[in-house]
Amino acid sequence: MDVEMVIAPGTPGRASCLRVHLVDEDEGKVYENMKLTHYTTSDGYVLNGAWNKICKDRCLMVKDRVGLYWDPVDKALHFSVRQRALPPAAARD
């Protein structure tokens, strides 16, 4: 199910942000108080906070595919690794 996540618009040229919890669906971990920022100049989103820790914990590499969805019931962003460019063991070597 697609859910639209509404983020309050920022001033033109400035970013707006939302504090979110990120739930790792694969590992059952919750990363609290992350910052999802929307940049109006590029119409892009950036997830800050523990993202580097998540990448390290999950051995994420360039070209790995992840899925994200907003759950309006628990008001959290959910995360799952969908496809790996390389198997995790090969990525560590």
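Is aspartate 57 buried or exposed, or does it count as partly exposed? At 31% relative accessibility, aspartate 57 counts as partly exposed, where buried means under 20% relative accessible area, exposed over 50% and partly exposed in between (1.4 Å probe, protein chains only).

This is a predicted model, in which local features need pLDDT of at least 70 and side-chain atom pairs count only at pLDDT 80 or more, while totals for chains, interfaces and linings use all residues. Residues are numbered from 1 along each chain as its sequence is written, and side-chain values use heavy atoms, with hydrogens and water left out.

A salt bridge here is a side-chain nitrogen of Lys or Arg within 4 Å of a carboxyl oxygen of Asp or Glu. Both residues lie in helix 1, 4 residues apart, about one turn of the helix; helices (H or I, at least four residues) and strands (E, at least two) are DSSP runs, numbered from the N terminus. Lysine 53 is partly exposed, at 47%.

Now select glutamate 27 and arginine 58, whose side chains meet in a salt bridge (3.7 Å, N to O). The pair links distant parts of the chain, 31 residues apart: glutamate 27 is in the loop between strand 1 (15-24) and strand 2 (29-39), and arginine 58 in the loop between helix 1 (51-57) and strand 4 (65-71). Arginine 58 is buried, at 9%.

Finally, select aspartate 64 and arginine 84, which meet in a salt bridge of 3.3 Å, N to O.
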